[in-house]
Amino acid sequence: MTAPTRIPLPDYLSPEWETPEDADIFWVQDRMHYHGPILHLDDSLMRTFYGHGMNHAFALYGIPLHAEARRFWAHHYDTTSPLRLEPARMAEMEAHSERALGELLGQMQHKWDTSWLPEIRAMIDAWESFDLANATTGALADHVEQVVDQLTRLFEIHFEVALPSMVPLSLFEELYFELFGDEDRLRPYKLVQGYENKTVESGRALWRLSQQAAASPSVRQAIEANPTDDAIAALEQIEDGRAFLADLAVYLDEFGRRADFWWSVSWPSWVEDPSPALEIIKGYLSQPEKNPELEQAALAAEREQVVAEAREQLQIFPQAVRDQFEFLLQAGRVGTVLSEDHGYWLDFRAASDARQVFLEAGRRLTATGAIAETSDVLHLRPAEIIAALRGNHPDLRTTIHDRKAEIERYRDVELPHMVGTQPPGPPPDNPGNRTLAKFFGVPPQTSDDPTILLGVPGSAGVVRGPARIVRTLGDADKIEAGDIMIAETTAPPWTPLFSTVAAVVTDTGGVLSHCAVVAREYGIPAVVGTGFGTLRLTDGQMVEVDGNSGLVRIIAD
């Protein structure tokens, strides 16, 4: 076994270890979940998310891993490392993990319907019924404290659902290749495609709104002829437009409590700023031939055909093998749906609702002069917010000024992907580690050919088109039909863009990442985990995306 290796820092960076032990840990910048610098409020919550929520699930399911999060150079880094155990204890834990997950896999849907979702809904419903505007400042302080405590439980549920949702997909893929040895590395995922989930449902509902807009010449004109910021004002001036805005408000109340990226209270939700929804509607209007309902039906038909072919091939195997195949197939189907549904409730709706609580705190603190403007509250930690609401606020303005300056100092600095100490050898080979690698991805291979980027096959197919760098949904206005979307990562709110672009390339992720899963649901090629596609490629370059082999080729500038 190789010895641990300290990773050297670039000359222009000084170590920012919070404890001396941090230097001995292997940290990875998590660009899948955070775009750019992370504000202090998000950082505080994400430390609980990883350090408590993820470790809670690891302990619950006996997975011999430990997770932590840190903020280095104003950016989010995290680690997931094996527990340092004697071989016998490690084997014992892995056996326990296999039993615990095996017992749960067949009960996932039942537990979601009868336990997890009701508990989530109870907390969210209580938040949404709390009268933020009229609460006394003391009551608001108590409410903030309660929300922070309840978020800790929601983070636990997140990983209680997420880990056993992904594991059966990983195990099913491995069993499929063990049985059939198919050269198509993405074929197992065709057996779980085309099922209804909250992400697909939200995209289809937005498409239906676009069809409503298309049926009214005046509404269509207002949306297509105006910049998004002006379209709402134009719609308010016409009768059909006001009716359309009322329906858009209903949509946003159901599906708009989400922001551009994964769990974050720093980004505005679509309820606050509906521009992303209108941009996507505009994209649908430019593609009258698109019909997500027919596309999903075609995916379902293909799924049933592939399942039938696999079952025919299974006839030569013993009944025990066929039973295992059917068990993992069903668990994989449920896991695919719950991976998206739990994100709808936890990563977006809960985050959006919590954001409103913190913003109300920001408004109160602005009124008292403790902070300069409402959004400054996002630069504070929960304990600082609660103390300030209760009248104990030292010079928060100076604190916030210094934290903003730090963010600007590191905003455009090229930071290392990995810091700390490289672990001695590969992680233990077990279902948990393999599943996490398929979700987060692995370090990309480098190509000697400067015109080629190597990544992971995410969704099958080969297409060519112009590259478009998309860093946030604010860039959606430059996307046209047939473009290749190049992004650091994607999240469920980006999903409707998948119906416009010809393919997707991301810097982060693996075959179980959100981008790969959704690209397969939309039937477009995807290459994920390229590492630096957003840096190597530029707008307008003609590229070829080979989702079968995980290769992106620059054809011409």
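Visitor: At what angle do helix 8 and helix 10 pack?
Guide: This is a predicted model. In it, helix 8 and helix 10 (residues 275–285) pack at an angle of about 85°. Their axes are 9 Å apart. That makes helix 8 roughly perpendicular to helix 10, because angles of 65 to 115 degrees count as roughly perpendicular.

Visitor: Which residues make the contact?
Guide: From helix 8, Thr228, Asp229, Ala231 and Ile232. From helix 10, Ser275, Leu278, Glu279 and Lys282. Sorted by class, the contact of helix 8 with helix 10 has 3 nonpolar, 2 polar and 3 charged residues.

Visitor: How do helix 8 and helix 9 pack?
Guide: Helix 8 (residues 228–236) and helix 9 (residues 239–255) pack at about 120°, with axes 6 Å apart.

Visitor: What do you call that arrangement of helix 8 and helix 9?
Guide: Oblique. An angle over 145 would count as roughly antiparallel, and 65 to 115 as roughly perpendicular. The angle here is about 120°, so helix 8 and helix 9 are oblique to each other.

Visitor: And which residues meet there?
Guide: Ile232, Leu235 and Glu236 are on the helix 8 side. They meet Gly241, Arg242, Phe244 and Leu245 in helix 9. By class, this contact of helix 8 with helix 9 has 4 nonpolar, 1 polar and 2 charged residues.

Visitor: What about helix 7 and helix 9, what's the angle there?
Guide: Helix 7 (residues 217–224) packs with helix 9 at about 75°, and their axes are 8 Å apart. Helix 7 and helix 9 are therefore roughly perpendicular to each other.

Visitor: Which residues touch?
Guide: Ser218, Val219 and Ile223 in helix 7 meet Asp240, Gly241 and Phe244 in helix 9. The contact of helix 7 with helix 9 has 3 nonpolar, 2 polar and 1 charged residues by class.

Visitor: New topic. In what order do the strands of the sheet come?
Guide: The order is 1-5-2-4-3. The 5 strands form an open sheet, and the pairing is antiparallel. At the edges are strand 1 (5–6) and strand 3 (65–72), each pairing on one side only.

Visitor: How many bridges link strand 1 and strand 5?
Guide: Strand 1 and strand 5 (residues 418–422) pair over 2 bridges, in the antiparallel sense. Arg6 stands opposite Thr421 in strand 5.

Visitor: Which strands does helix 1 lie across?
Guide: Helix 1 (residues 40–60) lies across strand 3 and strand 4 (75–82). It runs at about 170° to strand 3.

Visitor: Now helix 4. How many residues does it have?
Guide: Helix 4 (residues 137–180) has 44 residues. From its first C-alpha to its last, it reaches 64 Å, close to the 64 Å expected at 1.5 Å a residue.

Visitor: Why is helix 4 described as largely enclosed?
Guide: Because 32 of its 44 residues are buried. Gly181 follows helix 4, with a positive phi near 60°.

Visitor: Last one. Is Ala388 buried or exposed?
Guide: Buried: its relative accessible area is 4%, and the cut-off is under 20%. Ala388 is found in helix 13 (residues 382–389).

Visitor: Which residues does Ala388 touch?
Guide: Leaving aside neighbours within four places in sequence, Ala388 is in contact with Leu365, His393 and Leu396. As for His52, it is 336 residues from Ala388 along the chain, and their C-alpha atoms are separated by 25 Å.

Methods:
Residues numbered from 1 in each chain as written. Predicted model: local features only at pLDDT ≥ 70, side-chain atom pairs only at ≥ 80, totals over all residues. Heavy atoms only, no water. Axes fitted to C-alpha atoms, helices over the stretch in contact; angles between N-to-C directions. Helix = DSSP H or I, 4+ residues; strand = E, 2+ residues; numbered from the N terminus. Parallel < 35°, antiparallel > 145°, perpendicular 65-115°, else oblique. Contact = heavy atoms within 4.5 Å. Nonpolar A, V, L, I, M, F, W, Y, C, P; charged D, E, K, R; others polar. Buried < 20%, exposed > 50% of the residue type's maximum accessible area, 1.4 Å probe, protein only. Pairing = 2+ DSSP bridges. Expected span 1.5 Å × (residues − 1).
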